[in-house]
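Welcome! Here is a friendly walk through one protein model, taken a few places at a time. Have a look at it first, and then read on.

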Amino acid sequence: MNAEIVKPLTDWYRANRRDLPWRHTSDPYRIWVSEIMLQQTRVESVKAYYQRFLEALPDLSALAEADEERLLKLWEGLGYYSRVRNMQRAARTVVEDFKGAFPRTKEEMEKLPGIGSYTAGAVASIAFGERVPAVDGNVLRVWARMTADDRNILLPSVKKEAERDIAGLMQTLPAARTSGQDHPGAFHENAAGDFNQALIELGALLCLPGEKPLCEACPVRPFCGAERRGLAGVLPIREKKTERRIERRTVLLVRSGELTAVRKRPDSGLLAGMYEFPNVRGELTAEQAVAYTSENGYDALRIRPLPAARHLFSHVEWRMTGYEIRIGALSGERGRSAHGRDWIFADAKELSGERPLPAAFSAYAKLIHVFPGKGKSREEEQEERNGR
């Protein structure tokens with residue numbers, strides 16, 4: 001990439017950047033939270049989650065000590081729940097091994113659970129002014145077009161080359177100036193952080209994926225190799241994603257009065273530790289659904305079909321059939337089935353406020369006035385988009 005892009009791109013960013021809550025701080029914890037949330041999730045969805053999460057867990061110690069169910073509830077709807085579990089693991093490592101002080105360099109951050117090259121580069125540059133790259137999908141797209149590189153940008157070797165190229169460019173930037181106090185909020189000017197965010201912002205707002213990037217408004221258009229060669233709508237090259245595996249499931253809303261049955265998923269695997277409505281693989285008939293409910297210790301009074309629904313994960317698509325099954329009044333030990341399978345009966349308030357319910361079941365949850373996962377993952381909206 002041409003070093004001449006640095007000034008016009010940074011100037012454009014400072015004049016046109018979006019007003020986002022995580023851009024009003026240089027606290028590494030808050031920047032880190034935003035970066036993890038923004039992985040696979042749209043900016044507009046993240047805003048409300050970011051505020052709520054930080055109100056509940058304002059610092060590393062609070063995150064390290066948080067109860068798992070509370071943690072998952074705060075993350076409910078953002079998806080990819082391993083992210084927040086890794087955040088807690090990293091927070092505990094910082095509290096125990098770094099005396100609660102967030103590491104200041106990209107190299108140190110990459111040793112923490114769940115922090116890869118991009119996240120470490122973003123936090124190190126934005127919070128501490130370290131001149132290191134932060135290369136995500138947006139930046140890769142910008143880099144491929146600026147350099148007119150026609151290789152598959154999903155190849156790790158291509159990303160490594162982009163990181164080396166941008167890292168070399170960043171060494172020309174001035175070091176971050178401080179007011180003499182050695183804390184993150186002291187920076188007057190942060191060329192490294194602004195330049196990294198400028199590349200990301202360019203990809204998010206102008207250098208869009210697909211055939212119609214907004215080249216006319218681009219502040220670095222004269223330096224773009226793809227623009228000169230008429231390839232802006234062709235690059236970057238991305239290999240096609242493998243098709244998702246289709247998995248058919250039957251979901252049951254087993255209800256007693258205003259209470260609905262849920263159960264906790266295993267502590268490992270997909271949606272680990274979350275709550276779900278009872279469900280099984282395959283498409284059950286109404287008679288089979290009644291029999292399944294009976295096997296779990298509850299006799300059905302009546303059953304009605306519910307609308308079909310689907311949910312997209314990274315590598316699997318759930319196509320769901322649903323039934324509402326009404327049972328009689330509960331008696332005995334609340335929520336314990338006759339066969340030892342734990343079905344907890346909860347009302348809408350409890351499901352909304354205490355039991356983390358994944359967005360995969362939102363189509364059925366809303367039928368009982370529970371609305372988990374109001375934010376949709378970027379995959380659910382448009383998997384091919386990389387823009388934030």
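Contact here means heavy atoms within 4.5 Å. With residues up to four places away in sequence not counted, Lys73 touches Arg52, Leu351, Ser352, Gly353, Glu354, Arg355, Pro356 and Leu357. This is a predicted model, in which local features need pLDDT of at least 70 and side-chain atom pairs count only at pLDDT 80 or more, while totals for chains, interfaces and linings use all residues. Residues are numbered from 1 along each chain as its sequence is written, and side-chain values use heavy atoms, with hydrogens and water left out.

Lys73 belongs to helix H5 (residues 68–75); helices (H or I, at least four residues) and strands (E, at least two) are DSSP runs, numbered from the N terminus. With 10% relative accessibility, Lys73 counts as buried. Buried means under 20% relative accessible area, exposed over 50%, and partly exposed in between (1.4 Å probe, protein chains only). A polar atom of the Lys73 side chain lies 2.9 Å from the backbone oxygen of Arg355.

Next comes helix H10 (residues 156–170), whose 15 residues should span 21 Å at 1.5 Å a residue; its end C-alpha atoms are 21 Å apart, which agrees. The expected span is 1.5 Å times one less than the number of residues. Which residues of H10 are buried? They are Val158, Ala162, Glu163, Ile166, Leu169 and Met170. These residues cover an arc of only 140° around the axis, so they sit on the same side of H10. The arc is that of the directions from the helix axis to the C-beta atoms. Pro156 and Arg164, on the other side of H10, are exposed. The cover over the buried residues of H10 includes helices H1 (6–16), H8 (117–128), H9 (137–146) and H11 (191–205).

Strand S3 (residues 245–256) is mostly covered, with 9 of its 12 residues buried. The table shows its pairings; two strands pair if DSSP finds at least two bridges between them.

| Partner of S3 | Direction | Bridges |
|---|---|---|
| S8 (residues 316–327) | parallel | 11 bridges |
| S6 (residues 279–281) | antiparallel | 3 bridges |
| S4 (residues 259–264) | antiparallel | 2 bridges |

Leu253 stands opposite Glu324 in S8, Thr250 has Val280 in S6 as its bridge partner, and Arg255 stands opposite Thr260 in S4. S3 and S4 form a hairpin with 2 residues between them, and Gly257 in the turn has a positive phi of about 60°.

Methods. A polar contact is a pair of N or O atoms within 3.5 Å; within protein, one must be able to donate a hydrogen and the other to accept it, and residues adjacent in sequence count only if both atoms are side-chain atoms.
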